[in-house]
Amino acid sequence: MKNSPAAVLELEIDCSSVPVDISIPLNFPPLVSCFGIRSMFDEPILSISEGASVNCSKLMITPHAHGTHTECISHISKCETNMSTVQYGAHSLALLIRCEISNRSETNETCPRNSKAIDRVITRNSIEYVMQKYENLKTHINAIMIRTYASDLQFPIDFTNTNPAYFTKEAMSLISEWSDHVLVDLPSIDREDDGGELLAHKAFFNNNTNKLVTELCRFPDSLDEGLYMLTMSLPRWNTDAVPTQPLVSRVKRMSNCIFCKIIQGTIPSFKIYENELTYAFMDIQPLSMGHILVIPKTHAQFFHEVPDENLQDLLPVAKKIASVFHKKGAYNILQNNGRLANQAVDHVHFHIIPKNSEEDGLGVRWNSMKPNMEDLKKLADEIQSKIPA
Ligand SMILES: [Zn+2]
Ligand SMILES: [Zn+2]
Ligand SMILES: [Zn+2]
């Protein structure tokens, strides 16, 4: 397991929805088979339909060939560790990525000696390209899930002699640097027939007795790239691999946004109004006394990113607050997007600014242009055509 990272990462876990099961269930007959290992059985010892009081079966399965399974270093070495002694955390922060698959002939990375130019391989290069944007999370990520199939699998599948895609040695070294657990939708991280070299397994385990590989996962189409909370318990079997059922829940990073913290109450504010979706408070650097900020409780940097539901709630709130000032005279409603347009805090906010005199409130510089009416008409048509449905 990783050492506790220096910086604490605050996450929001979506507990409202059921976690997504990324396993291929063990079925009799199997939904998947690999390496020519097809036989498995569920042989009743006692059967209620035969008059016994209970059902009780003897099962024979091969974890590596018949469904989602998790293996440790003892799969490729004589070491003492096995699935009953391996150390692991029941919950870990996992990153799901999708990688480009290249032909063996397009890379100089290390593949088994018997590999062919047309083999499909996942290279360090392609993984590095995807992972660079998660570099700041490197110390926090404990598991990497790699989707290689473009869409959800259709069962049953016999992978035998199909030579599925596999990882180069360099690709697995990189993943090993990042995480203690790799989960893939392939039958193996190595070539189906690699002459026994096991370059990817060796590069990943790297003699580490607590690293885990989960193969034959199934990533439903609903899962997209990003961070997940991975929940898994390992059956304590004294063997090199066990059937497993990894579950994932989407997580979001808590933002460092000061307005989100104001909504949560971790930064104090002079609150004016609050409901389920909207929050309003005094601007502490007001342009005039009574300058108020109205914000959606859902974080969005720009106006066009605010969910409709929030806007539908927010505007009537702003209207009610503005009505207070109308009794006194004039006011402005201001909403800036982007630094160039004077947005200072990256959480959408509507300013309500009372205008009590020429001197206070919002000063507006209004340098109007004199465009050609034909240009203006052309632009109107262009904008009209670009408005999303
Ligand atoms: Zn395996
Ligand atoms: Zn394996
Ligand atoms: Zn925010």
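Colleague: Leaving aside neighbours within four places in sequence, which residues is His349 in contact with?
Modeller: Phe259, Leu293, Val294 and Ile295. Contact here means that the two C-beta atoms, placed from the backbone, lie within 7 Å. The model is predicted: local features need pLDDT of at least 70, side-chain atom pairs count only at pLDDT 80 or more, and totals for chains, interfaces and linings use all residues. Residue numbers start from 1 along each chain as its sequence is written, while chains are lettered from A and ligands numbered from 1 in the order in which they are written.

Colleague: Why is His349 called buried?
Modeller: Burial requires 20 or more other C-beta atoms within 10 Å of the residue's own; 12 or fewer is exposed, in between is partly exposed, and C-beta atoms are placed from the backbone. His349 has 23 such neighbours, so the residue counts as buried. His349 sits in the loop between strand E21 (330–334) and strand E22 (350–355). Those labels are DSSP runs numbered from the N terminus: helices (H or I) need at least four residues, strands (E) at least two.

Colleague: How many helices and strands does that give?
Modeller: Seven helices and 22 strands.

Colleague: Which domains are assigned?
Modeller: Domain 1 covers 11–252 and domain 2 covers 258–355. Their bounds come from an automatic or database assignment. Taken over C-alpha atoms, the domain centres are 47 Å apart.

Colleague: What makes E10 a largely enclosed strand?
Modeller: Five of the five residues of E10 are buried, so the rest of the structure largely encloses this strand. Ala143, Met145 and Arg147 point one way, Ile144 and Ile146 the other.

Colleague: How do you know which strands pair with E10?
Modeller: Pairing takes at least two DSSP bridges between two strands. Strand E7 (residues 91–98) is joined to E10 by five bridges and runs parallel. Leu95 stands opposite Ile144 there. E13 pairs with E10 over four bridges, also in the parallel sense. In that pair, Ala143 stands opposite His181.

Colleague: Why are E8 and E12 called edge strands?
Modeller: They belong to an open sheet of three strands, in the order E8-E9-E12, with mixed pairing. E8 (102–103) and E12 (166–167) each have a single partner strand, so one side of each lacks a neighbour in the sheet. E8 and E9 (residues 120–122) run antiparallel over two bridges.

Colleague: What does the buried side of H3 pack against?
Modeller: The buried residues of helix H3 pack against E9, H2 (124–131), E10 (143–147), E12, E13 (181–184) and H4 (199–205). Among the buried residues of H3 are Met172, Leu174 and Ile175.

Colleague: Which residues touch the most other members of the largest nonpolar core?
Modeller: Ala94, Ile144, Met145, Ile189 and Phe204, out of 50 residues. H4 gives the largest share of this core, five residues. A nonpolar core is a set of buried Ala, Val, Leu, Ile, Met, Phe, Trp, Tyr and Cys residues joined through C-beta atoms within 7 Å. A second, separate core has 16 residues, including Val294 and Ile353.

Colleague: How do you know that the bond from Phe28 to Pro29 is cis?
Modeller: Its omega is near 0°. Phe155 and Pro156 are also joined by a cis peptide bond, with omega about -5°.
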